[in-house]
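The model is a predicted one.

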Amino acid sequence: MAAALTQEEEQIIRHFIEVVNLMRKEQCIGPVSWSTAVKFLCARKFDVARAVALYEQHEATRYREGLTSFDPSVDPLKTELETEKFTILPTRDATGAAIAVFTARAHSPQISTHQTTLQGIVYQLDVALESVETQKAGLVFIYDMSDSKYSNFDYDLSKKILMLLKVSVCYHILY
């Protein structure tokens, strides 16, 4: 179980929320949640300036890739999730980090668009990062290329996944 937040961390969270919500208000977007603030601050060791910069990059990437709103119960995202090519494992690593695996051999670029694949990843990562333990310990991302063929590989998608992870929170990448 993750340790409770200190009073100083709670003050930092309130400050982050104030800063981000001013930006969101200018864009006519509703306020950011406490849990979202914690995710970004944990990823940047409670440094508000760095967490705000990460948040801005994250939001810009989600907007650019069409990852702002989607419904996991409707196709094509529903079918994408059923492929289980991207999975959050039910176990954690030795440090307590959650483990996520993208199985390249299960990906078919001819069937699944970049946007749908990224939506599937983002949806599951968002759910995984609702856990305070994952917010604190992070998430290990494994890009499993075992038994994959050239027909499974999509270089542009791989770059987009890595960029998404780069501007997201609490991820460690393994190949």
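**Salt bridges, notebook**

Entry 1. I began with Arg64 and Glu65, whose side chains meet in a salt bridge at 3.9 Å, N to O. I then looked up the exposure of each partner. Arg64 has a relative accessible area of 53%, so I note it as exposed, the cut-off being over 50%. Glu65 comes out at 16% and is buried, because buried means under 20%.

Entry 2. I checked whether this pair belongs to something wider. Arg64, Glu65 and Lys160 are linked in a network of salt bridges.

Entry 3. Next I took Arg92 and Glu133, which form a salt bridge through their side chains at 3.4 Å, N to O. I placed Arg92 in strand S1 (residues 86–92) and Glu133 in helix H6 (residues 132–137), so this pair ties together parts that are 41 residues apart in sequence. Arg92 is partly exposed at 29% relative accessibility, and Glu133 is partly exposed at 31%.

Entry 4. I went on to Asp144 and Arg105, where the side chains meet in a salt bridge at 3.8 Å, N to O. Asp144 sits in strand S3 (residues 139–144), while Arg105 is in the loop between strand S2 (98–103) and helix H5 (114–128). The pair links distant parts of the chain, 39 residues apart. For Asp144 I noted 22% relative accessibility, partly exposed. Arg105 is also partly exposed, with a relative accessible area of 40%.

Entry 5. How many salt bridges does a search of the whole structure find? I recorded seven.

Note on methods. Residues numbered from 1 in each chain as written. Predicted model: local features only at pLDDT ≥ 70, side-chain atom pairs only at ≥ 80, totals over all residues. Heavy atoms only, no water. Salt bridge = Lys/Arg side-chain N within 4 Å of Asp/Glu carboxyl O. Buried < 20%, exposed > 50% of the residue type's maximum accessible area, 1.4 Å probe, protein only. Helix = DSSP H or I, 4+ residues; strand = E, 2+ residues; numbered from the N terminus.
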